[in-house]
Amino acid sequence: MPTIPQEQPRPSERAPREAHRAREMAESFGVDPERYDRARPRYPDALVERIVAASPGRDVLDVGCGTGIEARQFQAAGCTVLGVDPDARMAEFARRTGIDVEVATFEAWDPAGRVFDAVIAGQAWHWVDPVAGVAKAAQVLRPGSRLAVFGHVFDAPPAAREALASALRRVVPDSPVNLPSAGGDRPTRTAMDIYQAMFAAAADGIRQAGGFGEPEQWRFDWEQSYTRDEWLDLLPTTGALTQLPPDKLAEVLEDVGAAIDKIGGGFTMPYITLAATAARTGAA
């Protein structure tokens with residue numbers, strides 16, 4: 001399996017203002033858990049099956065479980081899943097769908113002696129300290145078990161992407177979210193650039209914390225079709241938009257919707273789901 005390169009720069013400490021903004025964004029996803037659960041894409045069955053097959057048993061801890069999207073997929077694959085999430089609103093929604101959830105940040109969560117066969121995190125590990133989180137995972141994993149953190153890489157069609165960027169530059173010019181330059185002075189970073197940096201940071205945290213074998217990167221390619229309304233339903237669940245007031249959100253969605261209308265009212269999105277994963281070594 002391909003391993004994740006070590007030559008990526010190690011994540012530096014965020015400046016206080018950046019850390020505050022990141023915390024605000026992390027805590028904003030629970031503003032509408034029903035929409036989040038309805039609109040966010042699921043994970044490839046092949047990813048779930050591969051993690052289960054690579055684990056010694058079926059006791060799974062889901063870090064940053066949110067509304068329980070991936071937790072329910074692992075349940076359907078025969079696993080017993082415990083979720084941990086710092087947002088009580090997301091946790092309550094997940095409980096209503098049949099997921100047992102404890103409210104805490106992973107770093108502060110008390111495992112109370114419990115151990116697991118897999119620790120997973122879907123679209124959430126970048127909110128966890130990359131070294132302390134891995135050390136906590138090592139604490140609760142049985143020997144031979146697996147840590148797997150994963151997320152989706154995707155770029156909307158250029159017309160929709162540029163409409164979103166232009167609208168955000170207009171309504172929130174100081175947005176901390178990376179935007180295409182569109183001839184301006186902001187650097188353009190693709191979704192793959194961003195996610196490769198995130199997964200390199202996760203892999204580096206695994207190496208620094210110890211207790212695991214060399215991290216690997218798994219890749220799963222798939223597609224999902226969106227109508228105009230389906231894409232506009234998903235956008236407000238993303239970090240760029242979760243904190244916008246209703247009037248500004250409506251303005252952004254109107255521009256993006258008009259752009260999608262011009263390309264035929266819908267599109268098919270190529271997705272790549274990446275996983276950074278490593279096996280627990282030694283004694284628990």
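**Helix packing, buried positions and salt bridges**

Helix 7 and helix 10 run roughly antiparallel to each other in this predicted model. Their axes come within 8 Å and cross at roughly 155°, and an angle over 145 degrees counts as roughly antiparallel. The crossing of helix 7 and helix 10 is right-handed. On the side of helix 7, the contact is made by Ala 159, Ala 160, Ala 163, Leu 164, Ala 167, Leu 168, Arg 170 and Val 171. Helix 10 contributes Lys 248, Glu 251, Val 252, Asp 255, Val 256, Ala 259 and Ile 260 to this contact. Helix 7 covers residues 158–171, and helix 10 covers residues 246–262.

Two of the residues in this contact, Leu 164 of helix 7 and Val 256 of helix 10, are also in contact with Leu 235. Leu 235 is located in the loop that joins helix 9 (228–234) to helix 10. With neighbours within four places in sequence left aside, the contacts of Leu 235 are Leu 164, Leu 241, Leu 253 and Val 256. The C-alpha atoms of Leu 235 and Val 256 are 9.5 Å apart, while the two residues are 21 residues apart in sequence. Leu 235 counts as buried because its relative accessibility is 4%, and the cut-off for buried is under 20%.

The protein chain as a whole has ten helices and seven strands. Of its 284 residues, 49% are buried. Among contacts in the chain with a separation of 6 or more, 76% are accounted for by residues 24 or more positions apart.

Helix 8 spans residues 191–209 and has 19 residues. From its first C-alpha to its last, helix 8 reaches 27 Å, close to the 27 Å expected at 1.5 Å a residue. The buried residues of helix 8 include Ala 191, Tyr 195 and Phe 199. A further run of buried positions in helix 8 is formed by Ala 200, Ala 201, Ala 202, Ala 203, Asp 204, Gly 205, Ile 206 and Arg 207. The buried residues of this helix pack against helix 6 (132–140) and against strand 5, strand 6 (216–227) and strand 7 (266–279). Gly 210 follows helix 8 and has a positive phi, near 80°.

Gln 123 is found in the loop between strand 4 and helix 6. At 17% relative accessibility, Gln 123 counts as buried.

Side chains of opposite charge can pair when their charged atoms come close. In this model 18 salt bridges are counted. One of them joins Arg 142 and Asp 117, with an N to O distance of 3.0 Å. Arg 142 lies in strand 5 (residues 141–153) and Asp 117 lies in strand 4 (residues 116–122), so this pair ties together parts that are 25 residues apart in sequence. Arg 142 is partly exposed, at a relative accessible area of 29%, whereas Asp 117 is buried, at 5%.

A salt bridge is also formed by Arg 89 and Asp 87, whose closest N and O atoms are 2.8 Å apart. Arg 89 has a relative accessible area of 40% and is partly exposed. Asp 87 is buried, with a relative accessible area of 10%.

The side chains of Arg 35 and Asp 32 meet in another salt bridge, at 3.5 Å from N to O. Arg 35 is partly exposed, with a relative accessible area of 21%, and Asp 32 is partly exposed as well, with a value of 30%. Both residues belong to a network of salt bridges that links Asp 32, Arg 35, Arg 38 and Asp 233.

Technical notes: Residues numbered from 1 in each chain as written. Predicted model: local features only at pLDDT ≥ 70, side-chain atom pairs only at ≥ 80, totals over all residues. Heavy atoms only, no water. Salt bridge = Lys/Arg side-chain N within 4 Å of Asp/Glu carboxyl O. Buried < 20%, exposed > 50% of the residue type's maximum accessible area, 1.4 Å probe, protein only. Helix = DSSP H or I, 4+ residues; strand = E, 2+ residues; numbered from the N terminus. Expected span 1.5 Å × (residues − 1). Contact = heavy atoms within 4.5 Å. Axes fitted to C-alpha atoms, helices over the stretch in contact; angles between N-to-C directions. Parallel < 35°, antiparallel > 145°, perpendicular 65-115°, else oblique. Left-handed = near helix turned anticlockwise from the far one by under 90°.
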